Amino acid sequence: MDIFERNPIMHFNDIVFESDDVKRSVGRLLDPNFVTRTLFSGPPGVGKTTLCQYIAQQLVGARHKPDVKSINVSNLKSRSAICGEIENFRGFGALNPLGKAVMILEELDGADASAQLGMKALLDEHSDRLLFLATTNNPHNIIAPIRDRFDEVALLGTDEPNRWLSRAQQVLTNEGINLDDEQCLLLLDQHAHGLSGRKIMRKLDEYAFLAKSNAAGS
Ligand SMILES: Nc1ncnc2c1ncn2[C@@H]1O[C@H](COP(=O)(O)OP(=O)(O)OP(=O)(O)O)[C@@H](O)[C@H]1O
Ligand SMILES: [Mg+2]
């Protein structure tokens with residue numbers, strides 16, 4: 001098990017929000033009455049997949065996990081493969097609190113233009129029974145009619161180490177390390193500037209490993 005598996009995102013407070021605006025946008029998406037088809041864009045490791053998975057699970061509820069399906073569009077590539085996945089995914093939609101199933105389209109920009117055009121009609125056709133959430137590193141590679149069908153939450157990653165303090169403390173405690181907030185902030189200050197959440201987690205892992213090795217050696 002790696003640091004990510006040992007520290008899954010279970011609660012809203014486990015997510016580090018880079019701004020209050022993003023936090024508000026995500027908060028709205030957790031309400032079945034307000035959720036919309038949403039595209040999370042931004043560089044690697046800032047939490048796009050994490051947010052899609054969290055929102056999807058919250059909307060359908062813990063008892064309806066099979067109502068969430070994630071496909072990696074850039075792996076599937078071809079129009080027939082991608083459209084087939086969308087058309088064939090049923091879930092048990094109407095039985096969950098959202099009233100539909102959720103399909104997460106990872107790396108939406110990875111579909112070529114023909115596949116994206118094929119998806120255009122499907123997004124409309126299946127919107128009664130499927131909520132679509134999507135991620136991309138490169139929103140500019142998504143054709144206009146598809147982009148137009150999504151609300152976009154653009155993530156940049158945080159440049160404020162303070163925003164990571166509570167999550168970092170939670171992770172370090174879980175890894176068996178006790179630091180006071182000041183020391184933890186110093187650690188984050190060294191590493192959190194311009195780094196993705198994925199990299200910050202790796203730095204915490206590295207720190208915990210070294211601290212434990214030093215303690216064992218002394
Ligand atoms: N905002 C965040 N809050 C809490 N943890 C985060 C956040 N961003 C990233 N992480 C941590 O980093 C890991 C990787 O994040 P995630 O897979 O969501 O990134 P991504 O934006 O989808 O990256 P990619 O573009 O490479 O797919 C998560 O499992 C989580 O542990
Ligand atoms: Mg991702």
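## Exercises on helix packing in a predicted model

Of the 218 residues in the chain, 33% are buried, a residue being buried if 20 or more other C-beta atoms, placed from the backbone, lie within 10 Å of its own, exposed if 12 or fewer, and partly exposed in between. The model is predicted, with local features needing pLDDT of at least 70 and side-chain atom pairs counting only at pLDDT 80 or more, while totals for chains, interfaces and linings use all residues. Residues are numbered from 1 along each chain as its sequence is written, and chains are lettered from A, with ligands numbered from 1, in the order in which they are written.

**Exercise 1.** Determine how the axes of α5 and α6 are arranged and which residues of the two helices meet.

Solution. Begin with the elements: helices are DSSP runs of H or I of at least four residues, and strands are runs of E of at least two, both numbered from the N terminus; the chain has 10 helices and five strands. Next, take the axes, which are lines fitted to C-alpha atoms, for helices over the stretch in contact, with angles running from 0 to 180 degrees between N-to-C directions. The axes of α5 (residues 79–88) and α6 (residues 113–125) come within 8 Å and cross at roughly 20°. The two helices are therefore roughly parallel to each other, a label for angles under 35 degrees. Finally, list the residues in contact, that is, with C-beta atoms within 7 Å: Arg79, Ile82, Cys83, Ile86 and Glu87 in α5 meet Ser114, Ala115, Gly118, Met119 and Leu122 in α6.

**Exercise 2.** Describe the surroundings of Met119.

Solution. Locate Met119 first, in helix α6. Then count: Met119 is classed as buried because 24 C-beta neighbours lie inside 10 Å. Setting aside neighbours within four places in sequence, Met119 is in contact with Ile82, Cys83, Ile86, Ala111 and Ile146. By contrast, Leu185 lies 66 residues from Met119 along the chain, and their C-alpha atoms are separated by 45 Å.

**Exercise 3.** Find which residues of α8 are buried and what they pack against.

Solution. In α8 (residues 165–174) the buried residues are Arg167, Ala168, Val171 and Leu172. Viewed down the axis of α8, these buried residues fall within an arc of 130°, so they line one face of the helix; the arc is that of the directions from the helix axis to the C-beta atoms. The partners of the buried residues of α8 are α9 (181–191) and α10 (197–217). Just after α8, Gly176 adopts a positive phi of about 85°.

Notes. Angles under 35 degrees count as roughly parallel, over 145 as roughly antiparallel, 65 to 115 as roughly perpendicular and the rest as oblique.
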